[in-house]
Amino acid sequence: MKLVVPIGPGGGTDILARHLAQKMSERLKQAAVVENRPGAGSIVGSEYVAKSPPDGYTLLVGGIFNMVMNKALVRSLPYEPLRDFVPLGYLSAYPFALVARADLAPATLREFIAYAKERPGKLTYGSAGLGTLQHVWGTILLKSLGLELVHVPFKAAPAVHQEMLAGRVDLMMDNLSAVKHHVQAGRLKAYGVSSAARTRELEGVPTLKESGVDFEGESWFALFAPAATPPAIVAILRSTVADILRDADFAARVEKDGGRVLAVAPAEQSKFLRDEIERWGTLVTRYGVGVD
């Protein structure tokens, strides 16, 4: 059994996939291996699984990045998430944090909004590249607030962190797990988290909604099979994933990375994906987020 990760090794998706593969191997009594197939912003690996034999042996570890954002941003996407895949189970969800360089004057989000409005085009926000969640969510959030900041894309998130630590980039919206250590150490300041409730990783940081900002979202991951996979195989795999989500060790690993287990009932799994595609696609269009 292959669990295809459509991005390179070493990142959060890859690590999660390897935890999942280990747990699946234990339960199904057969080898489950992770295969990285990066390329074209996760499109190569996703298309590969969409066109693989629907026999339950080639699965996709995907998420909001390749199932929702690619759909919203890429005009000629060679796969259709709702048509070409069947969800086998959602795995985990992670909040984002809005962070600023430590020496930026505003202490709170409300103060920052006023500060930025007085300086249109003078402040910068970084991302891990065009089309990434850091770029898309950062743009949606700032434009919804009527703020004009200059987007500075990098090739990876750690490069943005380094520029912020050096005082050369002002703001970033990034996965909590990636920036929490900088915030905890006082190297960056956090204005808010994107989840519905505060996170225990940064208990003193309010949610964006607590600060009066209408933004809520989590980066999520799930396991998918090609759409024509027989219902009996889908049922076995869904049952296996559901059992893994009840595994204390699996949950602990997710929570260690600042996330939470995301359990969605089988009857609601396709609706969850459809709702996410509609929600974020609408916002991408409304605020003119592009990758060109």
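Me: How does the lining of the second largest pocket divide by class?

Reply: The model is predicted, with local features needing pLDDT of at least 70 and side-chain atom pairs 80 or more, while totals for chains, interfaces and linings use all residues. Residues are numbered from 1 along each chain, and side-chain values use heavy atoms, without hydrogens or water. A pocket is an open set of 1 Å grid points where a 1.4 Å probe fits, with protein on both sides within 12 Å along at least five of seven lines; lining residues have an atom within 4 Å of a point. With Ala, Val, Leu, Ile, Met, Phe, Trp, Tyr, Cys and Pro as nonpolar, Asp, Glu, Lys and Arg as charged and the others as polar, this lining has six nonpolar, two polar and five charged residues.

Me: Which element gives the most to that lining?

Reply: The pocket has a volume (space filled by probe spheres on the points) of about 230 Å³. Among its 13 lining residues, Glu-216, Gly-217, Glu-218, Arg-260 and Arg-279 are closest to the centre. Strand S9 (218-226) and helix H11 (266-286), both DSSP runs (helices at least four residues, strands at least two), each give two or more. The top contributor, with three residues, is H11.

Me: How many bridges pair S4 with S9?

Reply: In strand S4 (residues 85-101), 17 of 17 residues are buried (under 20% relative accessible area). Strands pair if DSSP finds at least two bridges. Val-86 has Ala-225 of S9 as its bridge partner, and the antiparallel pairing of S4 and S9 spans nine bridges.

Notes
Buried < 20%, exposed > 50% of the residue type's maximum accessible area, 1.4 Å probe, protein only.
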